[in-house]
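Here is a structure to read together with its sequence.

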Amino acid sequence: MPLSTIGDLRQHFLTSQSNTRLKTELSTLVEELTTGEHSDLTAHLGGSQTALNGLDRQLALLEKYEQVNTQTSHMLSTMQSVLENVDTLRSNANETLLTIGGASSLSQMSNASDVALASFEATVSALNTRYGDRSLFGGTNIEDAPLADAEVMLTDLKTSLSGLSTAVDISAAIDSWFDDVGGGFDAIGYQGDVTGFMEKPLDTNQYITVSARADDDAIRETLKSLAKGIFATESSLNLSIEESRDLQQESAVGLLNSAEKIAVFQSSLGFVESRVEEATARNTAEQTSFGIARSELVSADPFETVTRLEAVQLQLETQYTLTARLSSLSLTEYLR
């Protein structure tokens, strides 16, 4: 009777093949248990991944808007901080200028002018704050600083005041420099875009418009009032102490009035912030919803996976045990 035998080499090949298959299956099951998803989604979904691809596209788009909204939120927060700083500078200068009265000395008025100058320079610097590689208060012009250097503005303003000798005339000239269309502030002071506002997407259907620019009336009023406090004691203007006092008192009143305008300016920016927060919350809810739907499509049952994993592990251990026993066989052991 003929015997069917398997040669040692063939036996080794079959054993190795079985080991490789079991190790691959074990690795796949470990991966599925770790990730919670089926490793072969094509087989799991019956060859059609249309629904999964649609969910992945939606989730990728929502992630993109999440990043944009986070960046926009940080940018708006920075802008609010700048405006708070501007208002603090306004308030500090206002407190000093409000102390100027009929009994104030030239030294006290000079000190008030110094405070106004420091506040003017710091205000300009604050409004030229950049967020990353972009300016914040220049509308669609994100490359250039929205305001010229304080020294440049004050030098041009000083030139426009040449020959004036009364507080009334100087005040009117400063008002004209800041307020007139095409005046000194428009021509030299403000360097941003004058026709457009920065826009940011919230999602596929909504945009926000950031209308906070450094040419806003709140900024003009603040800088204008500070300038009056500065030039009240300008020696080249040869103002009498009474005229200087009147101009600084007008400066104090202007700074007091500009507080409300800055508050409105901040409020409009706050409204934009609230829209970004609402969009972020809405996008987060949609991400959760789509994430759950995706999980239901691709998730692997952990209990089933553990059962299969234990079965494969047992098979592999059995394979190793048999291999070890076969490798220890000898003719002496066989003849026994």
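A salt bridge is a side-chain nitrogen of Lys or Arg within 4 Å of a carboxyl oxygen of Asp or Glu. This is a predicted model, in which local features need pLDDT of at least 70, side-chain atom pairs count only at pLDDT 80 or more, and totals for chains, interfaces and linings use all residues. Residues are numbered from 1 along each chain as its sequence is written, and side-chain values use heavy atoms, with hydrogens and water left out.

Q: Which residue meets Arg-282 in a salt bridge?
A: Arg-282 lies in helix α9, and its partner lies in the loop between β3 (198-201) and β4, 79 residues apart from it. Helices (H or I, at least four residues) and strands (E, at least two) are DSSP runs, numbered from the N terminus. The N to O distance is 3.3 Å, and the partner is Asp-203.

Q: Is Asp-203 buried or exposed?
A: Buried means under 20% relative accessible area, exposed over 50%, and partly exposed in between (1.4 Å probe, protein chains only). Arg-282, at 32%, is partly exposed. Asp-203 has a relative accessible area of 11%, so Asp-203 counts as buried.

Q: Which helices hold Lys-228 and Asp-175?
A: The side chains of these two residues meet in a salt bridge of 2.9 Å, N to O. The pair links distant parts of the chain, 53 residues apart. Lys-228 is in helix α8 and Asp-175 is in helix α6.

Q: Which residues are joined with Glu-221 and Lys-224 into one network of salt bridges?
A: Glu-221 and Lys-224 both lie in helix α8, three residues apart, about one turn of the helix. Their side chains meet in a salt bridge of 3.3 Å, N to O. Through salt bridges that share partners, the network also takes in Asp-175, Asp-179, Lys-228, Glu-250 and Lys-261.
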